Every structure is written in C-alpha cells, then in structure tokens.
Amino acid sequence: MDKHVVVLVPLDTYDQPQVDEAVRTGLALLGGVERFVRPEEKVLLKPNLLARALPQKAITTHPAVFSAVARAIRETGCTHISYGDSPGNPTTTPDKAAEGSGITEAAGQFGLTKADFSSGSIVPFPDGRTARSFYLCNGVQQADALINVCKMKTHALERITGAVKNLYGCVTGVNKATGHALYPNSEVFADMLVDLNRCIAPRLHIMDGVVAMEGNGPTSGTPTPMNVLLFSDDPVALDAVFCALIHLAPTEVPTCVCGQQQGLGVMDAEKICVRTPAGEMTLAQAQAQFGRKDFDVYRGTLQKGLLFKLMPLLPFLQHRPKADPKKCVACGVCEEACPVPEKAVRSGNGQKAKYDYKKCIRCYCCQEMCPVKAIDVYRHPLTKLLSGR
Ligand code: SF4
Ligand code: SF4
C-alpha cells in the first residue's frame with residue numbers, strides 16, 4: 001500500500017530567505033510544485049485571514065510563508081495568481097484582514113491579484129454527504145487550482161483548525177454563520193467541512209506551524225513555537241501529523257475522523273509517511289523528534305461514554321462559552337456573530353455579554369470573534385475530572 005506523504009521541514013524563523021529556502025525544500029520533497037499547477041492555470045492562494053491581526057499574534061498565516069509560496073508558484077511560470085480569504089469576523093472585510101496581516105503587501109511583491117471574497121453564489125455539490133451545496137466566493141469559483149496555505153491553531157469547536165478547516169473561508173461572510181446554525185455540532189460541522197474540501201478539491205496544502213497558536217484559539221489563544229512547515233496533497237494526513245506533533249489522537253478530531261470516513265484522506269499512522277530533509281520517518285518518530293507534549297489543546301474525551309450520554313439531562317455539565325466581565329468592552333460583536341436567529345448572547349450599546357444557554361448551540365462563533373479575548377470555553381470541573389483533564 002502506498003503511504004500518504006506529509007513533508008515536514010524544520011524552521012524556527014520567519015526570516016524571509018530562510019522561509020523561501022524551506023518552502024523550496026518542502027515542495028521539492030513532495031515532487032515539485034509542477035505536480036500541482038500548470039503555467040496556464042489560474043491559481044488561487046488561500047491563506048488563513050480569520051481577522052485583521054498582526055502576524056506575530058499567530059491568528060493568520062504569516063506573510064513570510066505566504067510570500068515564499070507565491071514566489072514558488074511564480075517560478076513555475078504561472079502568471080494568473082490571485083489570493084484571498086473571507087474572514088469570519090463581521091466587523092472585518094477581506095481587504096482589511098489581508099492588509100492588517102501583511103498579506104496584501106506580500107502579494108504586491110509578486111503581482112498577485114486580489115480575488116473576490118466579498119460576494120459569491122450557490123454552487124451545487126450533489127455528492128455531498130452532509131452538505132449538497134455551498135455559497136462560495138466568486139474568487140474560488142473563478143480559480144482552476146487552489147493552494148491552501150493554512151495556520152496551525154487550536155479551535156474551540158473542532159479542537160484544531162488546520163488544513164481541512166481552513167477551507168471554510170471560501171464560504172462568503174454571513175453564510176459562514178448560517179452554516180454554524182445548519183450544522184450545529186462538531187461532528188456534523190466537520191462532515192460539512194469534508195464535503196466542502198471534496199467540492200473545492202484544493203491541489204496542495206501548506207501549513208504554517210513555525211509559530212502556532214495554543215490554548216483559547218483560533219483567535220484568543222497564545223502564540224507558541226512549533227518550528228515546522230508541513231506540506232501534503234492530503235489535508236487529513238497533514239492534520240493527523242499536526243495532531244501527532246501536539247500529542248493529540250486524530251480519533252478525537254472530528255475533521256480527521258470524517259475526512260477518513262469520506263475518503264478525503266487518511267489519519268491512521270500506518271498509512272502516513274513523514275518525509276523530512278533528513279529522510280523518511282514514521283509518525284511516532286516525527287512526534288518524538290518534533291512534537292510537544294505540553295501543547296495546550298483540549299484533550300478531553302467527552303464524546304464517548306456514559307457521561308456524554310447523560311449530558312443532555314445534565315445541562316450544567318455542558319461546555320459553554322463564558323465572557324469575563326472584566327475584559328468585556330460591550331462591543332456587540334459576539335451578538336452580531338451569533339448564528340442563532342433569536343441570539344443566544346446579547347451585548348453592545350453599553351451592555352456586556354450576557355448568555356442564554358438554553359438557546360446556545362455551542363458553535364463558539366462568539367468566542368472566535370471577540371476582539372479582546374474576553375470569551376473562553378467553560379468546562380465544568382466534574383467533566384474535566386472525568387475526561388482526564
Ligand atoms: S464578550 Fe467580547 S465580543 Fe462580546 S461584547 Fe464583550 S468584548 Fe465584545
Ligand atoms: S452564544 Fe456563542 S456559542 Fe452560543 S450559539 Fe451564539 S455564537 Fe454560538
């Protein structure tokens with residue numbers, strides 16, 4: 001059986017020449033970028049531009065990595081290269097997010113054009129298992145080939161946001177919130193994300209894990225060095241390597257489980273080969289050499305067992321978003337981001353965030369969008385005890 005290859009290039013700096021060299025090395029180890037794009041094609045680079053945020057906050061793909069990828073694609077002779085992402089934050093436009101994170105300036109150096117991520121239309125996907133259509137940005141629909149330049153981060157709903165999850169930015173702004181209401185738990189949301197990946201079919205996935213985000217991600221967490229770039233044409237295998245590096249079982253990550261079930265890729269260690277500049281290794285060897293056991297990610301296993309079955313009867317045990325009144329500035333963003341029509345959180349106009357947990361679907365859009373890191377995931381001490389965390 002041919003193993004699915006994930007290339008791992010160690011890198012502990014965003015110094016541009018060294019990033020350029022690391023990206024060149026990574027692509028060469030994967031067989032060359034020519035395997036993935038042809039010069040006459042319209043190529044779209046899709047970084048993570050979740051919010052308007054400085055690169056050092058580790059919320060967005062670092063511009064040095066984006067630049068190195070743009071340079072490599074340009075060097076293949078491609079002339080039609082565009083870029084873009086649709087941020088989830090209702091107060092940020094695609095342009096502002098790209099400018100604030102340094103991506104616009106990086107794109108300008110290589111003459112990349114700005115793709116339309118502000119408007120779109122419905123694209124049918126009859127083969128979807130959970131989602132049969134998507135409201136995709138025009139920029140995505142106009143491209144022949146998408147290169148996913150994602151960021152290594154934690155996520156409140158899916159535990160991690162890596163290659164599979166990053167494609168959600170191809171859905172236009174307000175429709176992302178609607179998706180959370182339509183697919184209201186981590187499993188069904190992950191299944192939809194896998195459908196989205198199958199619908200768009202990116203050619204290549206490159207993950208910026210030089211400085212990752214741990215803790216209260218994907219926006220309010222803490223930057224932390226992981227010192228790697230990852231490359232693969234299999235987003236599930238790439239995310240499984242990310243999991244291995246942070247000592248998290250991919251069986252606990254819904255996007256990995258659904259991705260393997262749907263045939264998007266593989267997450268099982270025996271099906272993955274990690275290729276590095278020093279040679280090939282197993283997932284366990286990569287974990288031993290490059291992993292970090294102390295990486296702060298939710299490791300509880302509440303999705304199984306008696307406690308999970310009893311959870312609906314014991315609502316006080318359920319995980320939930322919680323705002324710190326000392327940090328909340330009553331900006332109203334969380335209320336605006338909440339996809340529940342009758343709003344499970346109220347805020348703004350001088351009112352600090354106030355939750356109605358009976359309405360809350362635990363999508364964590366509010367936590368993701370809070371601009372001042374006031375919202376965290378509350379886990380009852382009993383559930384922490386029973387889940388081993
Ligand atoms: S919790 Fe955050 S997003 Fe909500 S009102 Fe307060 S500061 Fe704004
Ligand atoms: S309150 Fe927050 S977690 Fe609950 S439904 Fe609204 S956005 Fe989602």
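The secondary structure of the protein, a predicted model, comprises 15 helices and 16 strands (DSSP runs numbered from the N terminus; H or I of at least four residues for helices, E of at least two for strands). The C-alpha trace spans about 55 × 40 × 40 Å along its principal axes.

Residues are numbered from 1 along each chain as its sequence is written, chains are lettered from A and ligands numbered from 1 in the order in which they are written, and side-chain values use heavy atoms, with hydrogens and water left out. In this predicted model, local features need pLDDT of at least 70 and side-chain atom pairs count only at pLDDT 80 or more, while totals for chains, interfaces and linings use all residues.

Rolling a probe the size of a water molecule over the atoms shows where empty space is left. The structure holds 3 cavities of 30 Å³ or more. A cavity is a set of points, on a 1 Å grid over the protein atoms alone, where a 1.4 Å probe fits but cannot get out; a pocket is an open set with protein on both sides within 12 Å along at least five of seven lines; lining residues have an atom within 4 Å of a point. Points are joined across faces, edges and corners, and a volume is the space filled by probe spheres set on them.

The largest cavity has about 90 Å³ of space. Its lining has 14 residues, with Cys-338, Ala-344, Cys-360, Cys-363 and Cys-366 closest to the centre. By class, 13 are nonpolar, none polar and 1 charged (nonpolar: Ala, Val, Leu, Ile, Met, Phe, Trp, Tyr, Cys and Pro; charged: Asp, Glu, Lys and Arg; polar: the others, Gly among them). Ligand 2 takes up the largest cavity (more than half of its atoms lie within 2 Å of the grid points). Around ligand 2 are 14 residues, the closest being Cys-338, Cys-360, Cys-363, Tyr-364 and Cys-366 (a heavy atom within 4 Å).

The second largest cavity has a volume of about 80 Å³. Of its 14 lining residues, Cys-328, Cys-331, Cys-334, Ala-353 and Cys-370 are closest to the centre. Ligand 1 sits in this cavity. The ligand 1 shell has 13 residues, of which Cys-328, Val-329, Cys-331, Cys-334 and Cys-370 come nearest. That shell divides into 11 nonpolar, 2 polar and no charged residues.

The second largest pocket contains about 520 Å³ of space. It is lined by 36 residues, with Pro-87, Gly-88, Asn-89, Gly-173 and Lys-176 nearest its centre. The lining has 15 nonpolar, 14 polar and 7 charged residues. Helix α7 (173-182) is one of the elements that supply at least two residues, and α7 gives the most, with 5. Domain 1 (4-290) and domain 2 (305-386) both contribute to the lining, so the pocket lies between them. The domain bounds come from an automatic or database domain assignment.

Most residues other than glycine have a negative phi, and most peptide bonds are trans. Gly-217 and Pro-218 are joined by a cis peptide bond, with omega about 10°. Pro-218 is in the loop between β9 (204-214) and β10 (222-232). His-247, in the loop between α9 (235-245) and α10 (254-261), has a positive phi near 55°.
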